[in-house]
Amino acid sequence: MLISIVIPLYNEEECIDLLVDPLVDVFHAANVNYELVLVDNGSHDKTGELIDSKVKENSKIRKIWVKKNEGYGWGIISGLKAAEGDYIGFMCGDGQVSPQDVVKTIKHILEHDCDMAKVRRTKRNDGFVRRVVTQLYNGTIPFLFGLKSRDLNGTPKIFKRAHLELFDPWSKDWFIDAELMIKAEYLNFKIDEIPIVFEARKGGESHISVISAACQFLQNAFRFKTERKFDQWKKSRLSSLQADKVRD
């Protein structure tokens, strides 16, 4: 099975070597048939040039260029649309998930009967404020939407390629993770979570303002719950599922 992992990168010139090289080494050691889709998400530094170098070195690495940064979610969506794997997924580009845990997540979905495999960060080695805000977020969003997971933003998230059309993601910002989890719950997908330790950032600096991101999360959550777009998505998915039953 070809596994495509999408990694959006925005001004991550200090992090690319520390992220990509160990990941590739572990993939080869574990005999994973992989494709890395590195998204230059509108960077202004040398991120694009460094991705070009990786592409030249390794035929299993592809580059997607987003001219203007429209958000973390848009970088992911752009990469997922271009991914060619039988299974596709995405992860952050900060190197806080070990390559071994990425492979563990990949092997889990290949060996178990689940619709999505993702990590659950049981221990976090990031700042106090970020941990507190994350706990509030992971308590509020599941309460609003009846979700079982308590680590919505844990990545990698990996699922069958056919599920991308069902998800039809549209969140261009950090709400992309919550959107997919909400939709997966609605579709009654079986989601398996692999516990991991969330490591400290490998290099570079985070581009997230934690407080503003948390406010944005909550704002988007209420908008997502009340806007007609989600209702329209649910109706279209119901119609699609009914059509599939008729064909069967």
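**Side-chain contacts in a predicted model**

Phe 230 and Trp 233 both belong to helix H9 (residues 228-247), where they stand 3 residues apart, about one turn of the helix. Helices (H or I, at least four residues) and strands (E, at least two) are DSSP runs, numbered from the N terminus. This is a predicted model, in which local features need pLDDT of at least 70 and side-chain atom pairs count only at pLDDT 80 or more, while totals for chains, interfaces and linings use all residues. Residues are numbered from 1 along each chain as its sequence is written, and side-chain values use heavy atoms, with hydrogens and water left out.

Phe 230 and Trp 233 are both buried; the term means under 20% relative accessible area, whereas exposed means over 50% and partly exposed lies in between (1.4 Å probe, protein chains only). Aromatic contacts come next. A pair of aromatic rings is described by the distance of the centres and the angle of the planes. Rings of Phe, Tyr and Trp (its six-membered ring) pair if their centres lie within 6.5 Å; planes under 30 degrees apart count as stacked, over 60 as edge-to-face and the rest as tilted. By this rule there are 10 aromatic pairs. One of them joins Phe 145 and Phe 224, an edge-to-face pair with 6.1 Å from centre to centre and 70 degrees between the planes. Because Phe 145 lies in helix H5 (residues 128-145) and Phe 224 in helix H8 (residues 210-226), this pair ties together parts that are 79 residues apart in sequence. The rings of Phe 230 and Trp 233 have centres 5.7 Å apart and planes at 15 degrees, so that pair is stacked. Phe 145 counts as buried at 15% relative accessibility, and Phe 224 counts as buried at 2%.

The structure holds 14 salt bridges, each defined as a side-chain nitrogen of Lys or Arg within 4 Å of a carboxyl oxygen of Asp or Glu. In one of these, the side chains of Asp 17 and Lys 54 meet at 2.7 Å, N to O. Asp 17 is partly exposed at 40% relative accessibility, whereas Lys 54 is buried, with a relative accessible area of 5%. Asp 21 joins Asp 17 and Lys 54 in a network of salt bridges.

Helix H2 also contributes Asp 52, which is linked to Lys 63 in strand S3 (residues 61-66), 11 residues apart. The closest N and O atoms of the Lys 63 and Asp 52 salt bridge are 3.0 Å apart. Lys 63 is partly exposed, at 28% relative accessible area, and Asp 52 is partly exposed at 32%.

A further salt bridge joins Lys 172 and Glu 70 (2.7 Å, N to O). Lys 172 lies in the loop between helix H6 (162-167) and helix H7 (176-186), and Glu 70 in the loop between S3 and helix H3 (72-82), so the pair ties together parts that are 102 residues apart in sequence. Lys 172 is partly exposed at 37% relative accessible area, and Glu 70 is partly exposed at 39%.

The charged end of Lys 172 also sits over the ring of Trp 74, 5.0 Å from its centre. This description requires NZ of Lys or CZ of Arg to be within 6 Å of the ring centre and within 35 degrees of the ring normal. The charged end of Arg 121 sits over the ring of Phe 198, 4.8 Å from its centre.
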